[in-house]
Amino acid sequence: MQQIINQAESVLLHTYNRFQVVFDHADGVKLYDVNGKEYLDFVSGIGVFALGYNNKEYNDALKGQIDKILHTSNYYYNVPAINAAEKLLKAAQMDRVFFTNSGAEAIEGAIKAARKYAYNKDGQTDHEIIALEHSFHGRTMGALSVTGTPKYREAFQPMIGYVKFAEMNDLESVKAQITDKTCAILLEPVQGEGGIYPATEEFLKGIKEICEEKDILLIFDEVQCGMGRTGYMFAWQKFGIRPDIMTSAKALGCGVPVGAFMMTQKVADSSLVAGDHGSTYGGNPLVGAAIDKVFDLFEKQNVLANVQEVGAYLEEKLEELTVKYDTILLHRGAGLMQGLVFDKPVADIINEALANGLVLINAGTHIIRFLPPLVISKKDVDAMIAILDAAIEKTLC
Ligand SMILES: *Cc1c(COP(=O)(O)O)cnc(C)c1O
């Protein structure tokens, strides 16, 4: 394994401090490294493999599509993408979709749609976007410009202009940033990278009211919190506060690189038109077949019910740990998107867990993040808690 790691570090640009493990194959909620050691997965490739690994129906759908046609071009229609679009729009309660290849690209498209909508209203090009502190929307220049972590942006200035930041769950801070030029308010209904931070119903309601009153577009980034993660198909559906534009990615294709931005008919009727946006790969037959099958399997496997049940159980178990250890300050989250907040860095705990066959990830230095496959069982939660508990105990001494 060390030899492979050395080889990797001689060719790959070092933009990640990687864990010292090379995964080779996977099955269900278990990963296996190149030495055959088994790991319980509570990361699912950062919220991607919602259905678990090596799902036969999913694999067969992809293999079938590979043997038919992998790629055409967006200048032609393809059936898998149309089927995928229908199922996604139904689940998302949106009217129009554009498929991208990643979450960041979905954000880029959402920003372009919002700017074009505002441009069509007054012909001006000085419209402002309000995003939130501690948000994460991706690493491309546009997505970075609306990401609320200054250290990610600093070296890459100038960002795209006219972006302002407000505080999560602080309606007054949002109001303070609104001007006649505000064209969109962008937020994650549950912040992921920023520390598993759910928006309150009151906050979302307040923002929605402002948006309706001033014809400001409400954009929800559901790249991480969407696709069943919180126990709802999309996190905003818990409160019924529907955005004008929304993004999806990560679990949307359950392993193939795909994202999407979607919008209501109102936005579609007055924003991007032919020639305004495009993508060579976006929504090609392969990812279309994947998305199509993902929605079928979500239904067939009753994924949302499982998230609600096992998510509540996970919360119970995290509460027990919080009570047990002074070093744990609190836990928060929704469904199978949970965070455990410590009063110290969590890197040692995560490394100790990994050594003992449990894959965990942080969100910020002090928070352990839980993003398991959505098909995990209570037994998996028990197994995870046992290893985590021992890892906390050990790193305390
Ligand atoms: C991961 C993430 C992105 C970026 O997605 P990529 O596919 O990595 O570009 C955007 N928004 C949120 C909320 C994310 O969690």
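Visitor: Which residues is Leu388 in contact with, leaving aside its neighbours within four places in sequence?
Guide: Leu321, Leu340, Ile349, Leu358, Leu360, Ile368 and Phe370. Contact means heavy atoms within 4.5 Å. This is a predicted model: local features need pLDDT of at least 70, side-chain atom pairs count only at pLDDT 80 or more, and totals for chains, interfaces and linings use all residues. Residues are numbered from 1 along each chain as its sequence is written, and side-chain values use heavy atoms, with hydrogens and water left out.

Visitor: Which members of the largest nonpolar core touch the most others?
Guide: Ile368, Phe370 and Leu388, out of 81 residues. A nonpolar core is a set of buried Ala, Val, Leu, Ile, Met, Phe, Trp, Tyr and Cys residues joined through side-chain atoms within 4.5 Å. Buried means under 20% relative accessible area (1.4 Å probe, protein chains only).

Visitor: And which helix gives the most to this core?
Guide: Helix 11, residues 285-300, with eight residues. Helices are DSSP runs (H or I, at least four residues), numbered from the N terminus.

Visitor: How many of the residues of helix 11 are buried?
Guide: 13 of the 16, so helix 11 is largely enclosed by the rest of the structure.

Visitor: New topic. What does the ligand's nitrogen atom sit 2.7 Å from?
Guide: An N or O atom in the side chain of Asp221. For Lys250, a side-chain N or O atom is 2.6 Å from an oxygen atom of the ligand.

Technical notes. Buried < 20%, exposed > 50% of the residue type's maximum accessible area, 1.4 Å probe, protein only. Helix = DSSP H or I, 4+ residues; strand = E, 2+ residues; numbered from the N terminus. Polar contact = N/O pair within 3.5 Å; in protein donor to acceptor, adjacent residues only side chain to side chain.
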